Amino acid sequence: MEPQFVGREVEMRSMHLRSLIYTGLFAGCAVLVSGIHFPVGPTKVFPFQHTVNVLAGIVLGPWYGALAAFLAGIIRISIGTGTIFAIPGGIPGALVVGLMYRVFRNDWVALTEPIGTGPIGATLSALIVAPLIGKAGTWVFFQSAFLASSIPGSIIGLVLVKSLRKVVNLDVCYEGSVKKC
């Protein structure tokens with residue numbers, strides 16, 4: 001193998017490791033503040049999960065952002081600060097923010113997080129998750145509960161991103177317009 005290819009492989013592994021470390025940190029941050037939740041029917045709505053989704057989607061992109069939301073949801077379920085609805089209620093929001101940031105590269109995509117959590121997360125919760133676990137809940141119920149959490153969470157996320165940009169480079173996984181981690 002030529003040295004230039006070896007160097008590229010090492011660089012790619014380093015970027016992957018950096019992304020995994022940030023993913024763990026974002027999941028940990030979400031779990032750390034997960035005591036601040038509000039029970040609504042069979043769910044525990046948690047606005048700060050959506051704040052973390054915004055940050056992870058912008059910093060890490062859609063896939064690692066979704067992984068951070070998934071890990072935070074699993075840990076929250078296991079420690080009792082979340083329910084199974086944390087999975088469909090969190091992952092789509094991080095995916096949407098990450099995908100939108102890849103396309104537009106603008107911090108205002110933070111406000112697209114409720115699109116993933118509301119219509120997509122509510123649909124998954126009402127049509128798949130609730131029937132599987134025997135809980136009652138209509139699409140309108142999940143939509144209103146998830147939006148009541150994700151709208152303030154995404155606004156807090158936008159304010160946090162705008163504030164952090166003044167002191168920190170949030171584009172650690174981007175070089176120019178190309179995603180590098």
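Reader: Is helix 2 mostly enclosed or open to the outside, and why?
Author: In this predicted model, helix 2 is largely enclosed by the rest of the structure, because 13 of its 14 residues are buried.

Reader: How far apart are its end C-alpha atoms, and what span should one expect?
Author: The ends of helix 2, which covers residues 47-60, lie 20 Å apart. At 1.5 Å a residue the helix should span 20 Å, so the two values agree.

Reader: What comes just after helix 2?
Author: Gly-61 follows, with a positive phi of about 95°.

Reader: Turning to the largest nonpolar core, which residues touch the most other members?
Author: Of its 23 residues, these are Phe-26, Val-54, Ile-58, Val-59, Leu-60 and Val-161. Helices 1, 2, 3, 4 and 6 each give two or more residues to this core, and helix 2 gives the most, with seven.

Reader: And what is Phe-26 in contact with, leaving aside its neighbours within four places in sequence?
Author: Phe-26 is in contact with Val-52, Leu-55, Ala-56, Val-59, Leu-60 and Ala-68.

Reader: A new topic: how many aromatic pairs does the structure hold?
Author: There are four. One of them joins Phe-85 and Phe-142, whose ring centres are 4.9 Å apart with planes at 40°, so the pair is tilted. Phe-85 sits in the loop between helix 3 and helix 4, whereas Phe-142 belongs to helix 6, 57 residues apart.

Reader: Are those two buried or exposed?
Author: Both Phe-85 and Phe-142 are buried.

Reader: Which residues form the aromatic cluster?
Author: Phe-85, Phe-141, Phe-142 and Phe-146 form one cluster.

Technical notes: Residues numbered from 1 in each chain as written. Predicted model: local features only at pLDDT ≥ 70, side-chain atom pairs only at ≥ 80, totals over all residues. Heavy atoms only, no water. Helix = DSSP H or I, 4+ residues; strand = E, 2+ residues; numbered from the N terminus. Expected span 1.5 Å × (residues − 1). Buried < 20%, exposed > 50% of the residue type's maximum accessible area, 1.4 Å probe, protein only. Core = buried A, V, L, I, M, F, W, Y, C linked by side-chain atoms within 4.5 Å. Contact = heavy atoms within 4.5 Å. Phe/Tyr/Trp six-rings, centres within 6.5 Å; stacked < 30°, edge-to-face > 60°.
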